[in-house]
Amino acid sequence: MSQEKIIEVKNLSKKFGSFTAVDNISFDVYKGEIFGFLGANGAGKTTAMKMLIGISRPTSGEVTVAGYDVKTAAEMVKKSIGYMSQRFSMYDDLTIKENITFFGGIYGLSRNKIKEKTAQLVSELGLEDAVDKLVGDLPLGWKQKLSFSVALLHEPKIVFLDEPTGGVDPITRRQFWEMIYAEAHKGTTIFVTTHYMDEAEYCDRVSIMVEGHIEALDTPKNLKQQFNVESMNDVFLKLARNVE
Amino acid sequence: MKRFIGFVTKEFYHIFRDKRSMFILFGMPIAQIMLFGFAITNEINNVNIAILDKSKDTKTQKIINKISASKYFYIEQEISSEYQIESIFKKGKVKAVLVFENHFVKNLQTQKQAKVQVITDATDPNIANTITNYVNAILQNHTQEINNTNQPAYQIQTQTQLYYNPELKSVFTFVPGVMTVILMLVSAMMTSISITREKELGTMEVLLVSPLNPLQVILGKVFPYIFLSIINATVIVVLGVFVFGMPIEGSILLLAFESILFIITALSLGILISTLSNSQQTAMMISLMGLMLPVIILSGFIFPLSSMPLPLQVISNIIPAKWFIIIIKAIMLKGASIEIIWKETLILIGMTLFFIVLSIKKYKIRLE
Amino acid sequence: MSIQVQNISKSYKDNFAIAAVSFDVKEGEIFGLIGPDGAGKTTLFRILTTLLLANEGTATVAGFDVVADYKSIRRSIGYMPGKFSLYQDLTVAENLSFFATIFGTTLEENYDVIKEIYVQIEPFKDRRAGALSGGMKQKLALCCALIHKPKVLFLDEPTTGVDPVSRKEFWDMLKRLQQRGITILVSTPYMDEAALCDRIALIQKGAVLKIDTPENIISKYDKTIYDVRTKNTHQLIQDLKEYPSQYSVYAFGEYIHYCDKTDDFNSIELENYLKQRNHTEIEIRVSKTSIEDIFMDLTTLNQ
């Protein structure tokens with residue numbers, strides 16, 4: 001992990017009318033880091049993430065992603081990031097190949113590049129026999145892994161994963177995390193939200209949001225030491241309880 | 001009963017809190033009636049025409065004055081040669097050109113007949129047709145006057161007389177049509193959507209697992225729409241009568257009875273649709289394609305059934321809206337009583353029973 | 001017995017959703033169905049709540065047959081389906097009173113059952129359900145399912161997508177409901193929640209892998225699992241997978257859970273192997289086996 005900042009957030013806020021969803025948060029994410037972005041339901045995680053990926057305008061504050069200001073260069077930001085959410089992964093009624101071609105196309109990859117990427121991706125996932133199968137017919141775990149690979153198709157500098165492993169069986173979840181490790185190893189920055197507290201332990205650094213604020217940000221190890229508890233789950237419970 | 005009231009209350013909350021439902025329920029009927037009543041009409045008013053008067057005598061001048069005095073036509077310009085006709089049509093300035101032949105008066109006196117040519121822009125055939133009819137009517141009217149003064153003149157005249165809607169007011173055909181469409185929309189589409197919404201949300205699962213029996217669920221869902229449909233029908237009739245001067249020749253009670261019957265027909269169709277679809281989208285598609293289109297096209301609302309090819313005329317018989325339109329037209333315009341429309345009423349009752357039985361059979365007490 | 005399931009099978013077209021599942025739930029027990037999405041949990045719930053008919057097998061709930069006596073079952077159970085099934089456009093209070101009415105009761109009549117949970121959402125009683133946070137929706141849905149004092153409570157993934165704090169609170173509430181004598185059948189994809197149930201059934205792809213108390217499942221498990229940690233986690237996973245006698249390697253929190261094929265596993269040997277591969281800060285110790293470890297082992301064996 002380097003000390004090169006790839007995401008810089010300064011005094012970021014978002015208000016909806018009189019309600020402040022995100023209240024003056026600041027943090028940095030370094031290149032090649034696996035950054036866990038945790039928080040209770042309604043703590044403002046999703047709102048903050050939407051601002052980082054350039055689909056929601058901050059009320060105030062500054063965000064630079066991959067060197068671009070999200071306010072003035074949202075299009076450049078979108079080109080440098082990959083995004084995968086639990087809800088929208090892929091088109092169920094298209095085959096694996098068609099999905100890859102489509103997503104490659106919207107990121108402006110050339111036809112040859114798409115071909116090359118398809119072959120590479122399919123062999124990495126061991127899906128050679130399934131390229132012409134509809135994505136809808138794949139097991140959930142495969143879909144998840146496939147959409148992670150598709151989010152990486154245009155070789156983004158940062159990948160945002162919004163609860164990527166919800167409901168997936170434990171083995172596939174591990175395989176998924178192994179893919180994340182491998183990708184981070186190549187220098188891609190991973191920004192991930194999750195409800196599985198054991199997954200928080202896999203992250204290099206973790207931030208925990210409570211009611212619009214970032215209440216804690218450190219390595220899992222330091223956080224556990226700081227709160228004098230055994231697991232991240234306990235850190236989380238302690239933090240949320242302190243606020244109440 | 002307490003359960004039923006609780007259910008209906010909840011249903012009203014849904015309706016009153018959803019802006020879209022409120023619009024469809026109360027905005028649409030008024031908007032549609034106004035639209036059809038004022039904007040979309042078969043009548044013509046102040047249509048621009050041109051005159052080519054080759055004769056330029058007293059007779060032609062008289063006829064021209066008569067035409068220009070009518071509220072139907074406005075004489076845009078007078079042209080001097082046939083060559084101009086095409087160009088003014090192309091400019092789109094006028095819809096028709098009236099050509100009076102040479103020696104109009106002389107021909108009339110010597111040969112007892114003279115010719116007026118009506119050239120119309122038939123890109124819109126309906127309007128062209130209407131213009132021709134109107135011009136004919138004015139000319140005929142004029143010849144009649146001549147004949148009265150200059151006897152003896154033998155000329156065969158066609159005489160048309162229009163019953164029930166002597167002024168050919170299109171609003172008289174549109175009010176029943178719009179009423180049918182709106183009742184169909186509110187009753188069938190809105191109920192099917194509101195039932196499938198519960199399926200989508202997962203609340204249907206909870207309702208099914210509750211001690212409510214299916215009939216109670218269905219009645220609870222349907223009741224508010226019966227109520228709202230009746231209000232809608234009333235609004236439309238009131239607008240028709242007071243804004244457009246539509247008559248109600250027959251019994252208001254009979255009209256109300258037939259309307260409620262049709263509302264129930266539409267509701268049972270709505271329930272049937274909701275048993276066939278699992279999402280609001282499908283329910284909407286089925287309602288629009290399966291109900292609204294036939295109602296608009298095959299019910300005789302806009303296109304006369306008699307001019308349709310036979311297969312379509314046969315198909316139109318299975319469309320409840322057709323029978324309802326016949327019934328309300330008969331009541332409102334002809335003052336028909338139940339002795340005259342009992343057949344149509346029976347058909348409607350039969351259809352309703354059929355749909356209700358079918359949807360009860362299709363309705364599942366379980367999820368699949 | 002509060003719930004009896006015997007050889008229940010259900011298939012859609014040619015796919016088995018559940019295959020010959022059997023288990024019993026005792027009165028007043030919290031019984032957990034633990035398994036990932038697609039394990040058949042929801043199908044099973046729907047069969048037991050009389051919403052679906054099984055292709056084969058029989059089941060009873062509160063003494064009633066799920067097919068013949070479905071009406072009696074519907075009167076005596078509370079059901080909370082997967083997505084909190086509330087009317088988003090009704091307020092908290094309206095939702096509650098609606099569900100109370102359709103069950104032929106009132107909020108006042110059974111207030112004592114839901115009191116503890118309801119006081120937490122009462123401050124928001126005039127807020128629309130759609131505007132509530134996940135944790136509060138979950139509490140409201142639970143209140144709605146409890147309003148008629150059911151004998152058996154069916155909760156289908158009540159904690160999915162809910163944050164750890166709300167999850168913990170929710171389980172505390174279930175424990176208190178249990179004390180009132182309510183039998184609870186609950187499903188969850190979160191393996192760590194297994195320990196909170198009296199007995200659990202681990203299910204995967206429509207088949208039951210194991211049924212027992214969480215403690216028994218763990219104590220009867222014969223393999224030893226080790227926690228392994230070094231500075232470079234990514235590399236560690238790769239290297240452990242290449243270790244000749246490895247049985248399984250799974251990331252587990254800050255450690256890697258390692259299981260060996262042989263009975264005479266020697267941690268010194270593994271440490272030396274890792275040193276050879278340039279690992280530093282090596283730590284190896286016997287791990288506390290969790291339900292998740294066993295679940296993963298059973299699913300691998302089952303394939």
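Modeller: Helix H1 of chain C (residues 41–48) is largely enclosed by the rest of the structure, because eight of its eight residues are buried (20 or more other C-beta atoms, placed from the backbone, within 10 Å of a residue's own). This is a predicted model, where local features need pLDDT of at least 70, side-chain atom pairs count only at pLDDT 80 or more, and totals for chains, interfaces and linings use all residues. Residues are numbered from 1 along each chain as its sequence is written, while chains are lettered from A and ligands numbered from 1 in the order in which they are written. Helices are DSSP runs of H or I, at least four residues; strands are runs of E, at least two; both are numbered from the N terminus.

The buried residues of H1(C) are Lys41(C), Thr42(C), Thr43(C), Leu44(C), Phe45(C), Arg46(C), Ile47(C) and Leu48(C). After H1(C) comes Thr50(C), with a positive phi near 70 degrees.

Now the wider chain. Chain C puts 29 residues in contact with 29 of chain A (C-beta atoms, placed from the backbone, within 7 Å). On the chain C side, at least two residues each come from helix H5 (134–146), helix H6 (164–179), helix H8 (233–242), strand E12 (246–252) and helix H10 (291–302). That side has twelve nonpolar, twelve polar and five charged residues. Nonpolar means Ala, Val, Leu, Ile, Met, Phe, Trp, Tyr, Cys and Pro; charged means Asp, Glu, Lys and Arg; the others, Gly among them, are polar.

How values were computed. Two residues are in contact if their C-beta atoms, placed from the backbone, lie within 7 Å. A residue is buried if 20 or more other C-beta atoms lie within 10 Å of its own, exposed if 12 or fewer, and partly exposed in between; C-beta atoms are placed from the backbone.
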